[in-house]
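Two packed helices are described by the angle between their axes and the distance between the axes. The paragraphs below apply that description, and then turn to aromatic rings and to individual residues.

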Amino acid sequence: MDKILVVDDDLGIQKQLKWSFSGYEVVFAEDRASAIAQLRRYEPKVVTLDLGLPPDPTNASEGLATLEEILALAPQTKVIVVTGNNDKKNALKAIDIGAYDFYQKPIDSDTIQILVGRAINLFDLEMENRHLASVAPSMDRILGQSEGILLASRKAERIAQTDISTLLLGESGTGKEVFARSIHEHSLRKDKPFIAINCASIPENLLESELFGYEKGAFTGANKTTPGKIESAQNGTLFLDEIGDMPIGLQAKMLRFLQERVIERVGGRSVIPVDIRVVCATHRDVQSMVAEETFREDLFYRVGEISIMIPPLRERDNDVILLAKTFLAQYNEEFKTKIKGFSDSAILAMKQHKWPGNIRELQNKLKSAVIMAEGNLIQADDLSLVVKDEGPSLDSLNLREVREHAESRAIRNAYLVAEKNMSKAAELLGVTRPTLYSLIDKYHLEDIKTGA
């Protein structure tokens with residue numbers, strides 16, 4: 001259970017906040033010394049800190065000093081300072097010191113719950129990112145904690161500083177170009193060009209001149225000598241995306257280049273030496289193509305000295321949520337929006353969805369959702385996803401699971417019938433308002449708790 005430290009010498013405020021934070025483990029302190037002792041003992045994710053602490057509760061100096069000490073000891077902790085109604089100056093000073101947010105008395109339970117919920121979500125996201133950095137410190141473009149993506153990341157990291165030819169395998173949208181760029185950026189060629197070309201997007205009759213360049217007069221329209229993509233990548237990295245779509249006739253010329261590290265421009269007679277690292281990628285089953293003789297076996301072994309399989313998003317466990325949170329932060333900045341996060345329904349829908357378009361599909365749905373969302377949380381509808389009501393499964397059917405499922409549905413229905421009025425929803429359910437809040441916390445119905 002997430003821990004919250006409440007620092008306040010007013011017992012009435014302590015009791016009010018204990019009730020407000022019924023879904024958390026709440027510990028209390030009444031002055032700076034006890035606050036630091038509780039911080040060390042419990043390591044809370046969030047601290048609510050009254051700036052008016054003894055021995056001088058009419059002055060904010062003790063509260064600000066406590067804030068500085070908390071942040072010095074636990075800089076990741078989110079501190080929400082609580083100030084008097086007319087004490088904006090000290091509230092802003094606390095933010096400048098490093099407080100996460102401030103709240104002015106009198107305390108409203110619903111509002112401070114939202115602040116604390118947001119702070120805990122941010123703490124968890126930052127912790128996830130720190131964990132990711134610790135397990136894959138050098139492949140910083142590659143986000144994820146699932147076993148498959150960590151295995152691929154470590155493999156990419158190990159081969160990055162060699163010149164071994166690498167073949168990236170995976171479905172469309174899994175991030176093959178991201179891997180290729182990461183390999184380049186952590187190689188000895190990182191300060192040289194990274195040149196990418198998609199073999200499937202260029203017509204067959206133009207692909208050879210795009211790759212190898214052409215001499216003036218080589219064909220109609222060749223008005224000047226033009227270097228190709230291979231020459232442009234000199235001393236750097238050439239990324240050949242969708243190598244499986246390369247025409248069989250061009251594969252022989254590509255094989256010669258990879259073996260001898262020289263090229264001839266279209267219409268040219270002289271050989272040009274090139275020094276580049278080659279990374280290829282495809283979503284196709286190249287081994288089957290080799291068996292069918294639609295892809296040269298000798299070229300397959302040349303481009304795939306090392307192969308890295310990038311798993312599809314549906315096989316990456318909870319990576320979809322980590323990626324969604326990361327992209328949300330990017331799109332909030334890009335589109336100047338202030339979406340705070342995802343509702344429970346959106347998180348469940350993202351976990352249930354099979355993501356045939358992988359990360360590219362997730363990015364497209366999120367961009368649309370950030371622009372179209374009406375509330376401060378993204379809902380499943382905003383993502384054009386539907387939550388499948390799976391209910392308790394037969395192989396794990398028990399009274400507790402049935403009760404939890406039924407109560408969660410009843411609470412959601414009452415909340416909607418009551419038009420999002422908590423008091424009316426509690427009345428419809430035949431429980432008190434505090435009991436309703438306790439059930440909402442118990443079943444993690446975050447979208448209801450935050451009024452989404």
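In this predicted model, the axes of helix H2 (residues 32–42) and helix H3 come within 10 Å and cross at roughly 20 degrees. An angle under 35 degrees counts as roughly parallel, and H2 and H3 are therefore roughly parallel to each other. H2 passes H3 in a right-handed crossing. On the H2 side, the contact is made by Arg32, Ala35, Ile36, Leu39 and Arg40; H3 contributes Glu62, Ala65, Thr66, Glu69, Ile70 and Leu73. Sorted by class, the contact of H2 with H3 comprises six nonpolar, one polar and four charged residues.

Helix H3 (residues 61–73) also packs against helix H4 (residues 88–97), at an angle of about 15 degrees and with the axes 10 Å apart. The same cut-off of 35 degrees applies, so H3 and H4 are likewise roughly parallel to each other. Their crossing is right-handed. Here H3 uses Leu64, Leu67, Glu68 and Leu71, while H4 supplies Asn90, Lys93, Ala94 and Ile97. The contact of H3 with H4 has five nonpolar residues, one polar residue and two charged residues.

The next topic is the aromatic rings. A pair of aromatic rings is described by the distance of the centres and the angle of the planes. The structure holds seven aromatic pairs, one of which joins Phe327 and Tyr331. Their ring centres are 6.2 Å apart and their planes meet at 20 degrees, so the pair is stacked; the cut-off for stacking is under 30 degrees. Both residues belong to helix H13 (residues 319–335), and because they are four residues apart there, about one helical turn separates them. Phe327 has a relative accessibility of 8% and therefore counts as buried. Tyr331, with a relative accessible area of 4%, is buried as well; the cut-off for burial is under 20%.

Which residues does Val320 contact, leaving aside its neighbours within four places in sequence? They are Leu313, Met350, Trp355 and Leu362. Val320 can also be placed relative to Glu128: the two are 192 residues apart in sequence and 13 Å apart in space, C-alpha to C-alpha.

Ile197 lies in strand S7 (residues 194–198) and, with a relative accessible area of 5%, is buried. Not counting residues up to four places away in sequence, Ile197 touches Ile202, Leu207, Glu210, Leu211, Lys229, Phe239, Leu240 and Asp241. The C-alpha atoms of Ile197 and Leu238 are separated by 8.0 Å, although these residues are 41 residues apart along the chain.

Leaving aside neighbours within four places in sequence, Gln14 is in contact with Asp8, Phe28 and Ala29.

Key. Residues are numbered from 1 along each chain as its sequence is written. This is a predicted model: local features need pLDDT of at least 70, side-chain atom pairs count only at pLDDT 80 or more; totals for chains, interfaces and linings use all residues. Side-chain values use heavy atoms; hydrogens and water are left out. Axes are lines fitted to C-alpha atoms, for helices over the stretch in contact, and angles run from 0 to 180 degrees between N-to-C directions. Helices (H or I, at least four residues) and strands (E, at least two) are DSSP runs, numbered from the N terminus. Angles under 35 degrees count as roughly parallel, over 145 as roughly antiparallel, 65 to 115 as roughly perpendicular and the rest as oblique. A crossing is left-handed if the near helix is turned anticlockwise from the far one by less than a right angle, and right-handed if clockwise. Contact means heavy atoms within 4.5 Å. Ala, Val, Leu, Ile, Met, Phe, Trp, Tyr, Cys and Pro count as nonpolar, Asp, Glu, Lys and Arg as charged, and the others, Gly among them, as polar. Rings of Phe, Tyr and Trp (its six-membered ring) pair if their centres lie within 6.5 Å; planes under 30 degrees apart count as stacked, over 60 as edge-to-face and the rest as tilted. Buried means under 20% relative accessible area, exposed over 50%, partly exposed in between (1.4 Å probe, protein chains only).
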